[in-house]
Amino acid sequence: MEKGKISSLQMAIMLYPTIVATAILGAPSITAKYALNDLWLSPILAALIGYATVYIAYKLHKLYPKQTVIQFSEQIIGRIPGKILGFLYLFFYIPITGEILRGYGDFIADSFMVNTPIIVIMASMVILCALIVRGGIEVLGRAAELFLPVFIFPICILIILLSADLDFKNIFPILGDGIMPPLKGAIIPGGWFSEFFLIIFLLPFLADMKKGMKYGMVTVFAVMMTLVVVNLIVLFVLGSTTSSKVYPLMNVSRYVSFGEFFEHLESAVMAIWVVGAFVKISVFYYAAALSTAQWLNLSDYRPVVWPIGILIVEFSFWSFPSSMEVSRYDIIAFPFHGILMQTIIPLLLLVIAFVRKRNKGTNTR
Amino acid sequence: MIRNVSKLLRKTKEKKPHIQNNYQDSKPEDPLNGEFSQNVETLRLIYDNCSDVMFRSFLLFGKTRAMLIYIEGLSDIEGIEEYVLSPLMQESANVPQPLNDFLVLKMPVSKVKRVKMIADCIESISIGNPLLLYEGESDGFSLGLSKWEKRAIEEPVAEGGIRGSREGFNESLEVNTSQLRRIIKSPALKMQSMKIGKYTQTTVAIAYIDGLVDKTLIEEITIRLERIEMDGILESGYIEEMIEDNPYSPFPQILSTERPDVASSCLLEGRAVILVEGTPFTLIAPVSFFSLIQSQEDYYQRFMIGTLIRWLRYIFMVLSLLLPSFYIAILTFHHEAVPTALLLSMAASREAVPFPAIIEALIMEITFEALREAGVRLPKQIGSAVSIVGALVIGQASVQAGLVSAPMVIVVAITGISSFMMPRYIAGIAIRMLRFPIMLLAGTLGLLGIIMGVIAIVIHLCNLRSFGVPYLAPLAPLKGKELKDVLWRSPMWMMDTRPSFTGKSNVYRQSPEQGPKPKRGSETE
């Protein structure tokens, strides 16, 4: 199936853009709707879901090393129910990849390429992702390593160049309305943090499995810190208007003006976004292709890569008639859908697996 | 049903039936026989219509009929006269017995080898060693008297430098191997040679340092070289294309150099060097992308300037790949990304230009590539004419005529200069070629197209391997310690470890902590 091996550092480097890429653009405004000026606290609360998901995934991996959720769910809850659950996962990961792709396409089409048909933007991205998915997990890991600086440096530069526009007073009052607003605001980023369940598709290919847990947790922490910093920057620059913007980081980047030459850094944001979306879609795409192949008991996942690519493009159109629907799904459905599929069901699987193992232990005694 | 599908899928992966190979070497496999005249006749038939092959018959010690066969111009005529013919043709009453032992022991020639097969006779003759046959002896004698005209050791033309050895490889394999041996005197330097090419019988030598190189690498190279069955090897480029990992990649996966010092440093890092007869360009494998854009002089100069020059090269490599594309994208799609004043001056200069930016850029870039190619092939006397015409036509006339804008000329010129910054010519070629598809992408999708193109190149590079070593190592997969030779050039006393390739081998190349710590005058003990 997959013969490649990656290091746990590579896994962390793959996961970090996977979560952060979409989160830094959309999350600040969505969080701000509920948490107001406490939006920087929400990622910290939401990260708890991330920690829990990584923990659950790692425990499941310890019980069934070398297997992904598609394979071991059959062993935990039986063949037929396992296949049904596997299908549910397929039907979760393929459309969700389509949704991410649609989000990417909408952003590019709305902000930069107004006259370009969205299908061109999306199809070109899927072709690139299919190429890298066919290359295997090693290639994916190496590409992620190369793209990480592209992802981090522009954010750092943005922060430095924005330092003149920061208004630190916007942070007050801290917790003016109690803990409830940031808690509500944490639910939606929580959906993003539940995506850490993707780790279950990467753990079986680690060369150093023991470090998997550690690096998973480090990644959650890094994502949390990034979101806190981005939310703070957005809050400092935009203040209470944050929630009215669709992509606050874009608006923030327009504030940059340095020596009358470094202006209009939107292109830098676009570079971050395209590269981040590329890694994110590739990792999801890889998970979708791998689980499809495993669900069908194929010997290799490469033959299904192109068909699934077409499915992903189709889903990105079928599921969402307009970009309004995409953000509605992001806010209303995904946090619950994502947490259900990626945190709660794995938790149930883990509990069942533990109970069965204990029963087996007592039976043999 | 699912099983059937998977079976089907598996079936499609099975290999097509192997096509029968009709191309085989037909070497005469007969041995020489005891009949002197029959042997001579066989060889005469083989060398029918070869006017350069000389058959010199004489009487050995005035009694035995003998024949000396050699090729004119490949053998040392004076040596033959002085050391072979004149002592052997002396008439003497008592012929020394046994004759064959006498020949091997007493003839004043450094290399005498007995040959038994017709094929070996032919090989001996064709590399210039005269063959001696005489009556009553079933073996031939191959005399090491080959000598032919060769070029002297000169300064390498394609890889110049300010500091460092000025010697380059030349076309003779013996000279090249001796140059390596002169630098690396240890007997651990091994050379395995083989012959490739049905007609050319080109000698190819694999050089490596025992104990530093991964044994499986040498095995792999040998297997790939033995696979080659073709008429002739005229240049190491033939071999390079036959043994590459990914033949469809624009990037070279094998480094070629004509500098013995570069080859030696690669040997000392645990790489293998493939020397090919008839060309000064030797092949080095495995290589990574970064070794293609490092120059030997990075190590000969002080480390600070080495590091800075390396970064200059990285920056200009990116410029060489992307600058025209950026210019096109900005002019066509992203006006807002440029400061207003700059945009206005660019727009003013483009006012008279009738072409869209992408066409303008393509015209200029293609013209530049043509000029460059013309300059390489032309005789030196005409070369200057080309450069004058090029400078006038491209630089001035086209701008004055309003066909091309002045900023575009600047962009093309900077791109051209930056593509000359690549220290290895072959690495520059890949960048030069890839510039054009990215320009097309920039003309159609703007900045997004450029990013897409770059992502596609990165995917390809991540996929690529050179003899099993990831092409982008040590950056991806990340090997923290080895970045010392990629992101910066560490001082010599900090480069304690060799780069790691496939296997685990001897890691340290010098004893650690050798940083100079001179004592000051007042601190003397």
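In chain A of this predicted model, residues of helix H1 meet residues of helix H7; contact requires C-beta atoms, placed from the backbone, within 7 Å. A:Ile19, A:Ala23, A:Ala27, A:Ile30, A:Thr31, A:Tyr34 and A:Ala35 contribute from H1(A), and A:Pro181, A:Pro182, A:Lys184, A:Gly185, A:Ile188, A:Pro189, A:Trp192 and A:Phe193 from H7(A). By class, this contact has 12 nonpolar, 2 polar and 1 charged residues. Helices (H or I, at least four residues) and strands (E, at least two) are DSSP runs numbered from the N terminus. The axes of H1(A) (residues 8-35) and H7(A) (residues 180-194) come within 9 Å and cross at roughly 160 degrees, with axes fitted to C-alpha atoms, for helices over the stretch in contact, and angles from 0 to 180 degrees between N-to-C directions. The two helices are therefore roughly antiparallel (over 145 degrees).

In chain B, 5 strands form an open antiparallel sheet in the order E1-E2-E4-E5-E3, pairing being defined by at least two DSSP bridges. E1 (53-60) and E3 (112-115) of chain B each have a single partner strand, so one side of each lacks a neighbour in the sheet. Strands E2 (residues 64-71) and E4 (residues 131-134) of chain B pair over 4 bridges, and B:Ala66 stands opposite B:Tyr134 in E4(B). Helix H2 (residues 36-46) of chain B lies across E1, E2 and E4 of chain B, at about 145 degrees to E4(B).

Residues are numbered from 1 along each chain as its sequence is written, and chains are lettered from A and ligands numbered from 1 in the order in which they are written. Local features need pLDDT of at least 70 and side-chain atom pairs count only at pLDDT 80 or more, whereas totals for chains, interfaces and linings use all residues.

Definitions and conventions. Parallel < 35°, antiparallel > 145°, perpendicular 65-115°, else oblique. Contact = placed C-beta atoms within 7 Å. Nonpolar A, V, L, I, M, F, W, Y, C, P; charged D, E, K, R; others polar.
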